[in-house]
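Me: Please take a close look at the nonpolar core of this model and at the helix packing and chain contact that go with the topic.

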Amino acid sequence: MNDGPSESPTAATEEAAVPPSNGRPETAATDFLGMSREECIELLRLMLLSRRFEEKSAEVYQMGKIGGFCHLYIGQEAVAAGALTPLRPDDYVITAYRDHAQALLRGIAPESVMAELYGRVDGCSKGMGGSMHMFDRSLNFMGGHGIVGSHLPLATGVGYAIRYRGGDQVCLCFFGDSVVNIGAFHESLNMASRWKLPVIFLLENNEYGMGTDFRRVTAAKELVDRGRAYDGLTSLTVDGMDVIAVRQAVEEAIERGRTEKRPSYIEARCYRYMGHSMADPSHGTYRKRDEVERWRADDPILAFRQLLLDAGRLTEEEYERLDQEAIAQSEAAAEFAEKSPFPDPSAVYEYVYSDGYPDDIGRRDAWRKELS
Amino acid sequence: MAVLSYREALNEAMREEMERDDSIFIIGEEVGEYDGAYKVTKGLLDVFGEWRVRDAPIAELGFAGLGVGAAMAGLRPIVEFMTWNFALLAIDEVVNSAAKMYQMSGGQYNVPIVFRGPGGAALQLAAQHSQAPDPWYSYVPGLKVVAPATAHDAKGLLKSAIRDDDPVVFIEGEMMYNTVKDEVPEEEYLIPIGKADIKREGRDVTIVCHSKMVHQSLAAAKQLAGEGIEAEVVDLRTIRPLDVPAVLASVRKTNRAVVVEEGWPTCNIGAQVVDDIQREAFDHLDAPIARVSGLDVPMPYAKNLEKLVFPNAEHVAAAVRHVCYAN
């Protein structure tokens, strides 16, 4: 039986037991990347906002205020915060369906994200997209996309447009671990590498594609190795529970994109504390409670809090105030969404074609009086 | 007016539009150095360079999606599929990304893109290379679907498709690239998407058709004229949106209709056209509507069997005689 490539001693050791830090790479001691105290506090604030917003989302989902699928980001906050904050406003962001935090941290108002979850007109996609399809063109936030892997070619196209116009922006593309087995992933990495497109492919490896441990379905010991086949692509793994590590990796990738026009593939090792969606319990069928607890011990927000406390960059009081503000913002967002109107029935045809819905097709529905 | 082949007309349309607007680029397999698998993009690489005429890897899903992303970022891509058969690998990007983006984003991201290439059967290319894609895309709200039959229409409609702010599926025909030649004005012109064209006037029966079948229908009409039946040939040109008023106006005049297309008979364009006619012109009909299509089988390779499957002028004429109670 062929066991594949011979294993390095390191790999063999890693398999021996539950590895330290849940298998995440060690991060060197930090000087906070030269960030000011205020910038560090801002990172923490964004992570707390994301956490509290998602908790509020879960609460109102249970009350039936939000329909459809609802994929929460709790546990992965360090990735979005570390990756989105070094971008410029004219850079581009595109992501998958677990997109609430990316939308918030790119700068969409919590009210607007929550109203979208509620399916109301004041939502960032006017209630037409919902949880999985947050958009804001004014922020170059190019959406939440619901078909696994299908937005990677889109990100590649954004990179193509940047090069085409001779710009120095980058396109940051978030996706999950199940994507590494999809053709679109390889087609995108290949084209972006061959044509030197400034795309940052940011893999959030939270261990599970829905309920399937990536190891059960992936013939690779390390997902970062999937990038090593492509010439010109810088591939690396970072601790996705460490906001500073993520930020450093993305800052370097941005620089590669802006100056060398080269793509990057970053695997951020992280974990989601909730189920795949609101329909899925946090543990039970495919993962054990103790595993979730083990990762919860590495909570990215509490870890960063401690780091800042130890460095004298944060006080307990400041943390408490930030947390209360995040809770209050999330409450206010839900109150706003509650009051926002549902889309007018006329909106049903409004966004199908940018030059208006064709009468010749519309006449097939004309018998439905509620549409007239 | 110059006589151009269907292929030359498409090439001129792209060349003129790319000269007019530098946000337009072409991406696809063999579009550059090879001059296009069917030479439709011949010479464009030399004029516009590799960023505007991009040879893609054989990765339809990837380069179709690249086009969608570039369109969202402000460019106007033309994605060439070597044939629509291969585009099945990319249908997720056409349907789930391009067609739905404007709606999912609440009107923020329109996708100005053209997906183009030849559809349908050619000569003995067997099952995987011989199928009409028209109904698959016509089903999808958010797409526009264009399938011209003449060089004149191909040029005017491709220019409109390139200028359109929404995704357009543009279906050509391998067998038309060379064999279809007609007069194309020297001066610039556009043909609006969504407008049918009467290719032949007649009082006795309406033949509704598009793409290659326009030529089979015109051949049938000529033959029928010798039998005293004057057929009106309505070339849909655009499948989505469909020019229902043009179809209805003709049927209200002739009171009989035959709907012709190359593809399979189930859930096809003809099924839709028949529904539109029965719903809006029921009282004008003097006979049940007939449909002519390919047979309901994957295309066989053997020459005689392929001929059996593919609809031709004889089939159209027979259907017309049937609805005219003339046989």
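Reply: The largest nonpolar core has 210 residues, a nonpolar core being a set of buried Ala, Val, Leu, Ile, Met, Phe, Trp, Tyr and Cys residues joined through C-beta atoms within 7 Å. Buried means that 20 or more other C-beta atoms, placed from the backbone, lie within 10 Å of a residue's own. This is a predicted model, in which local features need pLDDT of at least 70 and side-chain atom pairs count only at pLDDT 80 or more, while totals for chains, interfaces and linings use all residues. Residues are numbered from 1 along each chain as its sequence is written, with chains lettered from A in the order in which they are written.

Among the residues with the most contacts inside the core are A:V158 and B:V258. Leaving aside residues up to four places away in sequence, A:V158 touches A:Y92, A:I94, A:M142 and A:C171, and also B:G69, B:A70, B:M72 and B:A73; contact requires C-beta atoms, placed from the backbone, within 7 Å.

Between the chains, 39 residues of chain B are in contact with 37 residues of chain A. On the side of chain B that touches chain A, the largest share, nine residues, comes from α3(B); helices are DSSP runs (H or I, at least four residues), numbered from the N terminus.

Helix α9 of chain B also gives two or more residues to that side. α9(B) (residues 244-254) packs against α10(B) (residues 269-281) at an angle of about 60°, with their axes 10 Å apart. α9(B) passes α10(B) in a right-handed crossing, that is, with the near helix turned clockwise from the far one by less than a right angle.

Notes
Axes fitted to C-alpha atoms, helices over the stretch in contact; angles between N-to-C directions. Contact = placed C-beta atoms within 7 Å. Buried ≥ 20, exposed ≤ 12 C-beta atoms within 10 Å, placed from the backbone.
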